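Open the model in your viewer and keep the selection panel handy.

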Amino acid sequence: MPHIPDRDGADATFATVFRQALRRRGLPLERIRDHLRAQQISVSLATLSHWQRGRSQPEKTQSLQAVDALEPLLGLPKGALRSLLGPHRPRGGTRPPDPATIRGVYGEGSDVEQALGDAFARFNDGLRALTVQDTVCLDEHRSVREISVTTVVQAVRDGVDHLSVVHFLDSPKAGTAVLSVAGGSAPRIRFLEELGSAAADIPFGRRLARTETAVVAYTLRYEGEVSWQHERRVTTALRAYLLHVRFHPRAVPSRCWGYHRTRIGAEPSQRQPVPVDAFHTTHFLPTRCVPGVYGIEWTWPD
């Protein structure tokens, strides 16, 4: 009788039982693949390797047929492997945002929560950002006048039809914030003067199915006071974030730094100089961004 790990034991996983059965029978993955091919079941060596390492599990119909065909070859009772399969795992990039991580970045009672009110609990809960690009333009008075954003988001559930955005501005003047969407009509903007925030819901133009992506491009213009930095709060891991800052030729900072903070209010855990080029621009391009706060700060000459 072959050894089957107890379902309640730490080793009772599909990957462990599959791997142990392969070793006990002395079967290489090539032999497993060929055995399945003989039964008109196609599974690649890479997939079989991922199964035994626990990096993925059989889910599709043909993969489940392969599991049924492997049990007698490996000397396992019928259903021994099937019974160890857990619920379907979300594909890469489709995990919903973690509420604990979001609060860890924003903090309790954050300005975002104050701006959104009851809607904070559902703030983009059906979406995951994949990449974000911010382009920030300052004027000759050292003030941000325009923020252009292009982001790619992925639905983590069916039926999502918009992206909610919140921006906190440098002492904006009431009534000056205007948001325009590339290729679409301007959404209604909600401006909270006491928080210096502008919020809006930007429609995709259709409802997304789970795992589908959408590209959202918009520009926010406003009149405010002197700016010293620009930053973005990241609540889910990003493949890349590009922050591009364009200064006016008559208002160029003396130095700029790119930085990362683990949460709002924390000291930068990473800080590096980012030079200003001959076109009066600088940029910061962290990749595989973990949740936290990313930005560029600058020092104005006296």
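Helix 2 and helix 3 cross with a right-handed sense (right-handed means the near helix is turned clockwise from the far one by less than a right angle, left-handed anticlockwise). This is a predicted model: local features need pLDDT of at least 70, side-chain atom pairs count only at pLDDT 80 or more, and totals for chains, interfaces and linings use all residues. Residues are numbered from 1 along each chain as its sequence is written, and side-chain values use heavy atoms, leaving out hydrogens and water.

Helices are DSSP runs of H or I, at least four residues; strands are runs of E, at least two; both are numbered from the N terminus.

Now show side chains. L29, E30, I32 and R33 of helix 2 meet L45, L48, S49 and Q52 of helix 3 (contact: heavy atoms within 4.5 Å).

Next, select helix 1. Which of its residues are buried? They are F14, A15, T16, V17, F18, A21 and L22 (buried: under 20% relative accessible area, 1.4 Å probe, protein chains only). Their cover includes helix 2, helix 3 and helix 4 (61–73). Just after helix 1, find G26, with a positive phi of about 65°.

Zoom out. The protein has six helices and 14 strands. Its C-alpha trace spans about 80 × 40 × 35 Å along the principal axes. Of the 302 residues, 44% count as buried.

Note on methods:
Buried means under 20% relative accessible area, exposed over 50%, partly exposed in between (1.4 Å probe, protein chains only).
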